[in-house]
Structures are given as C-alpha cells and as structure tokens.
Amino acid sequence: MKSPFLRRFRILFSALVLICFFIVFADFRQIIPAKYINILLSLQFVPSVIKFIDLGTLASAGFAAVLILTLLSGRTYCSFLCPLGIGQDLNSRIGGRIRKKFRRYGYKRPFTVIRHTLLAATLTVAIVWGIYLVILLDPYSIFGRFMTFFARPVIILGNNFLSNILGKFDVYTLSHVPVTGYQLLSYSIPVFFLLLIFALSLTKGRLYCNMICPVGTLLGLLSRVSILRIKIDESICSKCGMCSIRCKSSCIDFLQHKVDVSRCVNCFNCINVCPDKAISYGIVSIKKKEVKTDTAKRKFIATSLALVFGLPFAARAQDKKAPVPTKTSTVKENKTFPVCPPGGVSIEDFNADCTACSLCISACPNNVLQPALMQYGVRGMMQPVMDYHKSFCTYNCTLCTEICPTNALHPLALEAKKLTRIGKVNFIKDNCIVKTEKTACGACSEACPTKAVYMVPYEGNLLIPETNVEICIGCGHCEYACPTTPYKAIYVDGVAVHEAAKKPENKESEKAIPVDFPF
Amino acid sequence: MKRRDFLKRSAGAGLAAGATFGIGRYDRLWTDVPGRAKYDMVAIMGGTPNAMFDLGIQELGGIGAFIQKGQKVLVKPNIGWDVLPELAANTNPSLVKRIIEHCLKAGAKEVYVFDHTCDNWVNCYKNSGIEKAAKDAGAKVVPGNSEKYYQEVEIPGGMRLKSTKVHELLLESDVFINVPVLKDHNSTRMTCCLKNMMGVVWDRGYWHSNDLNQCIADYALFEKKPALNIIDCYNVMVKHGPQGVSKEDVVQMKSMIITTDWVAGDAASAKMLGVDTEKIEYIPIAHKMGLGNMNLDTLNIRRIKM
C-alpha cells in the first residue's frame, strides 16, 4: 500500500486515542463510567501483562492482542495505542514547527546495547526483586504520571477560573475544586522523565522509544519477524533521502534501501514524503537474501518471551513468603504499616502488581490516594498510598478498584469493600481534646461510618471516644476529622494483609413513636 | 377537651385554607390583619412532611410573611452525609423541595441550597436526594466544598469563636431559612437548629478543638440569623447520630417544628428526642447569652395534630 491515507488514518486514530486518555485522566468529576475506562486501558501492554499474570483470564489478555498485532504488522502499537508514543509524536511535530532542524532526523545506528540491556534489566529485576523498573519505565504509567502530576492540576485550574467567572453570574454548574499537590519529593521522578522525554522527542523523534522504552524494545524484537513492513522499491528509488530525513525513528538507511523494522513504529510518514512513490507498506517479499541467521538475537527473543510468560510462576513463587505483621513494634503513636488502597489484598501483593500509573490517584474523588515516597520502601515508590492527613476513603466508593488496569487493586463490590479492613483504628487518649481540654468534641466518632469509634461517658457531662477494631475498616475518616495537631489523637495503622471486618450490628431503637407533643 | 380543641383548630385551619382560595393571597391576609395570633412556634404532627409544612407555615402567615418579593433566599438543609434519604441523616428532600416551591411562589428572586458536607460533597448532594429535589423545585444548588467560597466574618461578643469563615451565599442572600433535621449526636447529644450552622462555616476543626458547645452557641451571635427554622422531625435518628449505621437508628416521629427562635426550636427538639435540655450544653449557653428562649412554657406555641 502506498496510499497517503495510511498516515492520515494513523494520525486520526492516534489523536482519538490520545484524546480518550486525556479525558480519562482529566476527568476530575468522575463522569466517565469505569467500564469505558477499562476498555481503553485493556490494550495497554504492561498493565495487561500484569493483570493477566494475576487473573489468567482471556478478558485480561489484551497484551496478547498487542503481540499478535506486532507479529502481523510491526510496532503499530507504538504509534496507534501507546499514549506516551502519541504524545511524543505530537511534541516532535511541535518541535518541527519551532525549528526546521528538529524535523530533520536522518539515519542513525541503533543503541542496541543500551536498549537490550534495559529490557533485560527490567525483566530480570521484575522477576528477582520486584516491579521497580517496570514502574519507572512502563510507557503507559509514565504517561499516567504526567497527566496526574502536571496536566490534571492545569485542567483543574482552568476549571476553577471558569467556575469563578460563572460564579460571578450566579451560575454554579462548575464548582471550584481545590488543587492539592503531592509531596514535593514525589515529583522528582515524573519531572525527570518529563524533561528527558520532552527533550528527546522535541529534537530526536522517537529516540526515547528506541533507546530506553522496554516495551518498544520488546515489540521491536518481535517485529523483526512481522509480516507487514515498510519496503523501498529499489528500482524506483532515486535515493533522495527524504524518507530518512523525515523518519522519526531514524531507522531508514536509504542508501542501502533498508528499514530497521525493530525501530520502525509504522508512522507512515515516509510513504507520504517519498517523491518517487517508492515506499510502500505491505507483506514482506520472500525473495530474501538474508540467509544468515543471528542465533544470538533469536536466543534473546526466545528467552525474553520465556521470561515474560514465565513471569507469573516465578512471581508467584516469590510471593509465597506471606508477610507477617511485626509484633515487636513498641513505639507509641507509630504507624507500623502504610495503608494500601482497598482491593490491594496485601501490601506485598499490591506492591508486586502496581505500575504506579496514578490513574487511581487521578480518579479518587476524595484525593486520599497519594503517590508514596518511601512508605512502601524503594520498590513501591510512586505507588498510591492512603494519606489520612489529606483526606479519607469514602465509604460508598469503589472507584479505584474498578479502574485499575493492572489488577493491583482487585475489583470490589461495594458491600465487600464496606467489610474490607485496610487498617486498624488506634486511639491515643492523651492527645484527645476531651481529656486535654475537658470540652466536647467527638469529631472522630461523628465521622465513623461503622461506629467502630463511639462515645462513652467521661467526666461530668462529657463523652470520650472508644474504639471497636472488630468493625473498623480503616477508612481513616476519624483520623482526618480529628482536630488535634501536630499529632492526631486517633489514627489508622495499615495492615500488611487486608482483613475481613465484622458487619456492624444494630438493634432496633427502643424509643417509641410519640403520640403527642412532649412539650 | 383535646379532641374539641383539635376540631376547633382544624376548623380554623380549614377556614384559613378556604380564605386562601377565595382571596388568592392568604399570606397577605394574615400579615395584614392586625392583632393576628402570632406564634413563637408551630409544631405539627401526623402528616407527610409536605402536608405538615403547608399547614404549619400557613399558621405563621405563609412564607410570604418572611420573604419579600425579589429577595434572594438561602435554604440551608443538612446534607452532611453520603447516606440515602430513608436513613434520615440528611433533611428530607421532599420537604426541601416544598419549602423552595413556597419561597418561589411568594416571589423570591432566587433560592439557593448548599451545605458544607462531611462526606464527599458530590455523593452527599446526589445520594441525599436533595440536589435533585432542589433543582426540580427551581433552586440553585451551590457547592460548599472549597475554601474559596468562604469569607471571614467577625462574631462580636463570641467567647471562644471570635471570627469564622462563612459561605458567601449566607452573606449575599437576603433571607436565610434554616432547615435542619433532628438527630442524635455523639458528643453534643443532639444536632438541630444551632448545630446545623456548622454546615455554613469552613473550619469546623476549630470548633471541635475549642469547646464545641461554646462555639455552637457563639456562632448564634452572628448577625445573619435565620428568618425561620423548619425542623424536620419526620424520620428521626435517635441513636448512632449524626451519621447513623442502619434503619434501626430511625424512629418515624412524623413531626415538624417551625419557629423563628432557634434556641426554642432546639429546646423543643430535645424534648422530641427525649434528651434533657440541660445536657445539650449549647442550648442553656445560648439561652443565657440571650440568643433565644429555651423555656418553652413562656412561649406561644401552636400545636397541631393532623
């Protein structure tokens, strides 16, 4: 095919995908139903792999579709479905507008050692240690963090600006949303990647995808055997070099009439730019001279694939040593565990599966989910953690569990979530207003949705909180509501493994229906 | 005797209702007639929230006695919790709707509804049924979730609460109608008229950590006082307040109290809830500060059973 429509189709399709992703992450009012978000996310490679490892169901095998697509057509995924890749294309285009020089790429040799090392390192680390490098390098998660950390606040500021203006006219359809940032240090990783990817894509096209991105490298390896490819017709080609100059992947060696399929992302720019119409996209011709097989490379592909598919079992084996809560903690007012979001099952499980794409952080209507610094240790950096000083978990909400693309947060039915204990309440009487000030408070008990925090008689007419851990689910509303500073008088300590809480019992009120006015 | 009383009163109410139809604007009739029976409080029992409000407000001369044409009205229900209407943690939505309809009929230019919720505000507004009810009736439902909407005001004479940030609509509206729902409360023992004001301020934590009862009473000093307190005692949460756990916490009292004196309203509500008024500390404090009258015996109360 030489049709210029290929490129136009690519642009249109990828623009749609990018817009969808943008909307999903920018949806701070939680308007889009979770099922649509799940459809969009089901084809994201790394999240889908992790979800498949967890569930093993066909529905979670979106990555298999991506693999098949790659075997058929090359790295189409990178241009059509990867939001980070599409974003980079957009940025390259802007770069080309700013300076013509940025638009002239030309053929470069691949950074084979770097990219293969990174892929191997990512896989190895994922298997023997944890998904730390996956968190850092998964393109979808990087994109998610960009949206959550940088785009979302801008969108909310825009919303607030508009709502201010509308408010002046007495219109309240848009509401002011407080912009709450995250801890400064948690910006370091997203900022680093933003600068890196921004600079590389602005000036060098898809260099990030072809040098660093492990997904790009993996799909590149597969696409070496893909059926559909970019081909140059030697008989027509006048070796003008336009294709090479316009190739974002710098993968067209026009003098040799060779296209490095491991780097080609099927953007189809070369087809349109070729004045001789010598470039086409189609089934690879069989009159091949390439007889010598590179056994080393094949081995690499084979082992990579084995690693990817063997990951579930290796990973499971790792997780066998189930975490046991440390009993030796003697430090008062000390949180022994961070609180991991509902559906995480256990901190260990959750840490193993979450790629820190931050979608849940974006989606949480209460902003209780915050990117972790060292709460989970190094391997859990950037993963969401419940921060009860900032907010609390809404009793009637399961949104984060519904949209998690990697199944790090298992979907929870509302009734199940209401009985899932993610932390335990602890009351420090010596901090409590009722004891220190001898005045009424009860903010914690008021907030408690299960009445795991309730009030009992204290001195005089006063009432003081008491706790019943049995029915506590660790939502953190008590900790959030507690007005004492700097330390709270009531706090939720995470549990290593989420537990089943008892259902709160309730007896019929003994108060009779009045038949007459009591006054 | 009681039945006779009741019949008499019913007849009176009937006459009034008849007059309404005959003359058109019954509220004007009542307000204009000199020496009419002006009650400090109307208590109604036995009807639906809507019917009780219709009857009760009529006894007070209609809502037009409190609102002038072209005025902006703030109706402040309790929408504090992300809980379904039948659990009675929030004001009855159909009552809110009815009040708004009365206000607009009486010529209010605009009616606003908001609350500074405890749970997530979007969920509260939605699941309480109040957002829909208020919008259906033609009111503007306004968010109260951001500090941006709140303005610092002085509380002259406040013991512990000397200044606080209140919602801008409280300041901008001409008339303020307080529509609390009567509930048990875990630390103050009851939440009603005065305590409902914690939903118009931004920083509740300050109240909690600086003598909650005194702060609740202090706030009543603020110049913008409710023209009317309409207390929803239809479904009453008698324990596990103010949020409640399940339906077992609710007793259907099918009552309503309408009063211009919010301390009296709270005192009457305490009786409904069966709690000693003295134990609900902010009531005697507010009474002593001269913010209202908790001695129900000295008030002119109109009691109606439907």
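User: Among contacts in chain A between residues at least 6 apart in sequence, what share join residues at least 24 apart?
Analyst: The share is 73%. Keep in mind that this is a predicted model.
User: How many helices and strands does chain A have?
Analyst: Chain A has 22 helices and ten strands.
User: What box do its C-alpha atoms fill?
Analyst: Roughly 100 × 60 × 40 Å for chain A, taken along the principal axes.
User: And what percentage of chain A is buried?
Analyst: Of the 519 residues in chain A, 46% are buried.
User: Which domains is chain A divided into?
Analyst: There is domain 1, residues 5–283, and domain 2, residues 421–506. The centres of these two domains of chain A are separated by 47 Å, taken over C-alpha atoms.
User: Let's zoom in. Where is Phe63(A) found?
Analyst: Phe63(A) sits in helix 4 of chain A, which covers residues 62–73.
User: Why does Phe63(A) count as buried?
Analyst: Because Phe63(A) has 23 C-beta neighbours inside 10 Å. The cut-off for buried is 20 or more.
User: Which residues does Phe63(A) contact, leaving aside neighbours within four places in sequence?
Analyst: Phe45(A), Ser48(A), Val49(A) and Phe52(A).
User: How far apart are Phe63(A) and Arg206(A) in space?
Analyst: They are 22 Å apart, C-alpha to C-alpha. In sequence, Phe63(A) and Arg206(A) are 143 residues apart.
User: New topic. How many residues of chain B are in contact with chain A?
Analyst: 46 residues of chain B are in contact with 38 residues of chain A.
User: Which parts of chain B supply at least two residues to that side?
Analyst: Among them are strand 1 (41–45), helix 5 (121–127), strand 11 (250–259) and helix 10 (262–273) of chain B.
User: What classes of residue are on that side of chain B?
Analyst: The side of chain B that touches chain A has 17 nonpolar, 16 polar and 13 charged residues.
User: What about helix 4 of chain B, how many residues has it?
Analyst: Helix 4 of chain B has 13 residues, 93–105. From first C-alpha to last, this helix reaches 18 Å, close to the 18 Å expected at 1.5 Å a residue.
User: Which of its residues are buried?
Analyst: In helix 4 of chain B, the buried residues include Leu95(B), Val96(B), Ile99(B) and Ile100(B). Lys97(B) and Arg98(B) are buried too.
User: What covers them?
Analyst: The cover over the buried residues of helix 4 of chain B includes helix 3 (49–59), strand 2 (72–77) and helix 6 (130–137) of chain B.

Note on methods. Residues are numbered from 1 along each chain as its sequence is written. Chains are lettered from A and ligands numbered from 1 in the order in which they are written. This is a predicted model: local features need pLDDT of at least 70, side-chain atom pairs count only at pLDDT 80 or more; totals for chains, interfaces and linings use all residues. Helices (H or I, at least four residues) and strands (E, at least two) are DSSP runs, numbered from the N terminus. A residue is buried if 20 or more other C-beta atoms lie within 10 Å of its own, exposed if 12 or fewer, and partly exposed in between; C-beta atoms are placed from the backbone. Two residues are in contact if their C-beta atoms, placed from the backbone, lie within 7 Å. Ala, Val, Leu, Ile, Met, Phe, Trp, Tyr, Cys and Pro count as nonpolar, Asp, Glu, Lys and Arg as charged, and the others, Gly among them, as polar. The expected span of a helix is 1.5 Å times one less than its number of residues. Domain bounds come from an automatic or database domain assignment.
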